[in-house]
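Dear colleague,

Please find below the structure that I am handing over to you.

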Amino acid sequence: MLASDYTTSQLDVLEAEAIHIMREVAAEFERPCLLFSGGKDSIVMVRIAEKAFWPAPIPFPLMHVDTGHNFSEVIDFRDRRVAELGARLVVASVQASIDAGRVVEETGRRASRNRLQTTTLLDAIEENEFDAVFGGARRDEEKARAKERVFSFRDDFGQWDPKNQRPELWNLYNARIRKGEHIRVFPLSNWTELDIWDYIRREEIEIPSIYYAHTRTVFERDGMLLADSEVVSRGEDEPTFETVVRYRTVGDMTCTGAVQSGATTVEQIIAEIAATRITERGATRADDRASEAAMEDRKKEGYF
């Protein structure tokens, strides 16, 4: 008699947990949505959503909070992937929030629209009456995110109070909310950056070219390499130069740094990440180089 191997891999366990969370949300909430920026974490979430509801289509819309300062490669990928899925994409525009007077654009060398996304996101949630919002945050990213529950309760102002979160026993989640409140749901909470890339390799998932090594014109600021762009303010003391880089994370161009790398395949990226001792966001996000208390304050305001 042939012996069967019933061993479950780590990726299988993480995937099964995420699928269970997505199905739980679809069953418990009336109007969920999934934040999809075209970045690797949201791409993995979309793949998991496909598996969770196959052969039916994904039963909720995708939403992107667009600063208007995104990398063109990522926006092109976002639109193409949404078209392949046949999904509805809700684009919440920071520029529209600025034009409407909801937020005031920053000025100066370090101006960024990244923090302005909070108001745009909360307005979009209210306008579309979303009661659950899937996000791709992982607990390994930084300490404030490590305090998140999988079902992260937000009050009717969109605020996060770490002292007012529900207990999560085993895989039991409390989905009860009042009108105006909502839940941020993080199905990738227990994943690491390395898990994400292992999953991309296993599933043969397409990702934007910006994640692979390429030649780009950049300049250095505070030890980070920022892309030279018309939307990024650069001082005379910050000369540009060409070098081979890739991006570990993608977001607003004004605060997302590149890393010097020659990795042109997923396997090479995995080897690179396994050897590094610098976190993903610590290495590439200028806006996340803040104290734990500062990051927690931003989350209380309704930040991702």
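A salt bridge here is a side-chain nitrogen of Lys or Arg within 4 Å of a carboxyl oxygen of Asp or Glu. The two residues lie three apart in helix α7 (residues 193-203), so about one helical turn separates Arg 201 from Asp 198. Arg 201 is partly exposed at 39% relative accessibility, where buried means under 20% relative accessible area, exposed over 50%, and partly exposed in between (1.4 Å probe, protein chains only).

Please note that this is a predicted model, in which local features need pLDDT of at least 70 and side-chain atom pairs count only at pLDDT 80 or more, while totals for chains, interfaces and linings use all residues. Residues are numbered from 1 along each chain as its sequence is written, and side-chain values use heavy atoms, leaving out hydrogens and water.

In total, the structure holds 28 salt bridges. Another of them pairs Arg 109 with Asp 237, at 3.1 Å from N to O. This pair links distant parts of the chain, 128 residues apart: Arg 109 is in the loop between α4 (94-99) and α5 (117-128), and Asp 237 is in the loop between β8 (224-227) and β9 (240-246). Arg 109 is partly exposed, at 38%, whereas Asp 237 is exposed, at 56% relative accessibility.

Arg 78 and Asp 79 also form a salt bridge, their closest N and O atoms being 2.8 Å apart. Here Arg 78 is buried, with a relative accessible area of 6%, and Asp 79 is partly exposed at 36%. There is also a network of salt bridges, whose members include Asp 12, Arg 47, Arg 81 and Glu 206.

As for the chain as a whole, its secondary structure comprises 10 helices and 10 strands, taken as DSSP runs numbered from the N terminus (helices: H or I, at least four residues; strands: E, at least two). The C-alpha trace spans about 65 × 55 × 40 Å along its principal axes. Buried residues account for 54% of the 304 residues. Of the contacts (heavy atoms within 4.5 Å) between residues at least 6 apart in sequence, 73% join residues at least 24 apart.

Yours sincerely
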